[in-house]
Amino acid sequence: MCLGIVRVVGPTPARAPGRASKVRWRVVGPTPARAPGRASKVRWRVVGPTPARAPGRASKVRWRVVGPTPARAPGRACNVPCAGGWAHTREGPGPRYEVWERVGTTLLVMSAPRQIIMVRHGQSKANVDQTLYNRLPDYRIPLTELGVAQAKAAGERVRRQLDGQKVRVYVSPYLRAYQTLEAMNLGDLVESTMEEPRLREQDWANFQNPAEIADQKELRNAYGHFFYRFREGESGSDVYDRVSSFMETLFRHWSRSSADPNTLLVTHGLTMRLFCMRWFHWSVEYFESLNNPGNAETRTLVRHGNRYVLDAAFDQWTPAEPSKTVLDAPEHIW
């Protein structure tokens, strides 16, 4: 969007059909004085086209100072784009601003991984004896011997998927997730490991009363898994929100040119479903139809060009399509 008087001094090169034309501009001077209270605008001149961008890469603009603008009233924002955003102040006395000139473009390289592997923790002791929740904090519940064996088998599958390539790991802070990662024994294939609290299990309560949790599960089944919030915990939509926040962190890490070619998430069943719901923009009604993966099962988002596909669908307890909405759901009164 141009914020001033613009003069084109030459056409831009032809672009492929359906592609927007991009041009470079240069500040040629301020506009005449404006009435008090009105913002000053800047005149621009085309100095040439921007370089072609690689598919899937975002272009950033570099600027350089070509001179100061007249003094502005204190607290007023500068309308000239600059490296730090729209408001850029000069060092020194007085509320003066700088005029910036675009001198070229840089490329923000999105080093999207070849695959995003998700693995649910192996069988935990609470999967076998749910009364354990009443005696031990959820995040401290360990794996069973079977759970360790399941994690070892998952590690063998993941090593085959990595095929010798490095992987960056994000792991839930729960003990059973850490023990799963340890049993997977990926060795020197792991470039780095980051504990990520946003990948934790859905919070149900602190020390859980089995009878009360059983009652709440019935209410959740009637109300809906996505929106029902446990009395001392979270709803599925709360987990969805923190997963969305975690994705922003992933994108920031992937924007580094040194990003690893693979990503591994060691997490929990509900979190895996909600990650995919957010990534693929599934509807709430479709999410409600999905079952959790089994202990130590994996799901992988595999990159094909500029998009990802899920290697294996989640099992469904009732038929539904990803586009199904509440408008398509039967009327339900509990």
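Begin with the open sheet of six strands, ordered E8-E7-E9-E6-E10-E11 with mixed pairing. The edges are strand E8 (190–195) and strand E11 (307–310); each has a single partner strand, so one side of each lacks a neighbour in the sheet. On average, neighbouring strands here are turned by 20° against each other, direction ignored. The model is predicted.

Next, select residues 115–120 and residues 262–267. These are strands E6 and E9, which run parallel and are joined by six bridges.

Then select residues 175–184, helix H3, which lies across E6, E7, E8 and E9 and runs at about 135° to E9.

Move on to the largest pocket, which holds about 1200 Å³ of space. Which residues lie nearest its centre? Select Arg 220, Asn 221, Gly 224, His 225 and Glu 288, from a lining of 44 residues. The elements giving two or more residues to this lining are helix H1 (125–128), helix H4 (210–223), helix H6 (269–280) and helix H7 (284–288). H4 supplies the largest share, eight residues.

Finally, colour the lining of the largest pocket by class: 18 residues are nonpolar, 16 polar and 10 charged.

How values were computed: Residues numbered from 1 in each chain as written. Predicted model: local features only at pLDDT ≥ 70, side-chain atom pairs only at ≥ 80, totals over all residues. Heavy atoms only, no water. Pairing = 2+ DSSP bridges. Helix = DSSP H or I, 4+ residues; strand = E, 2+ residues; numbered from the N terminus. Axes fitted to C-alpha atoms, helices over the stretch in contact; angles between N-to-C directions. Contact = heavy atoms within 4.5 Å. 1 Å grid on protein atoms, 1.4 Å probe; cavity = no way out; pocket = protein on both sides within 12 Å on 5 of 7 lines; lining within 4 Å. Points joined across faces, edges and corners; volume = space filled by probe spheres on them. Nonpolar A, V, L, I, M, F, W, Y, C, P; charged D, E, K, R; others polar.
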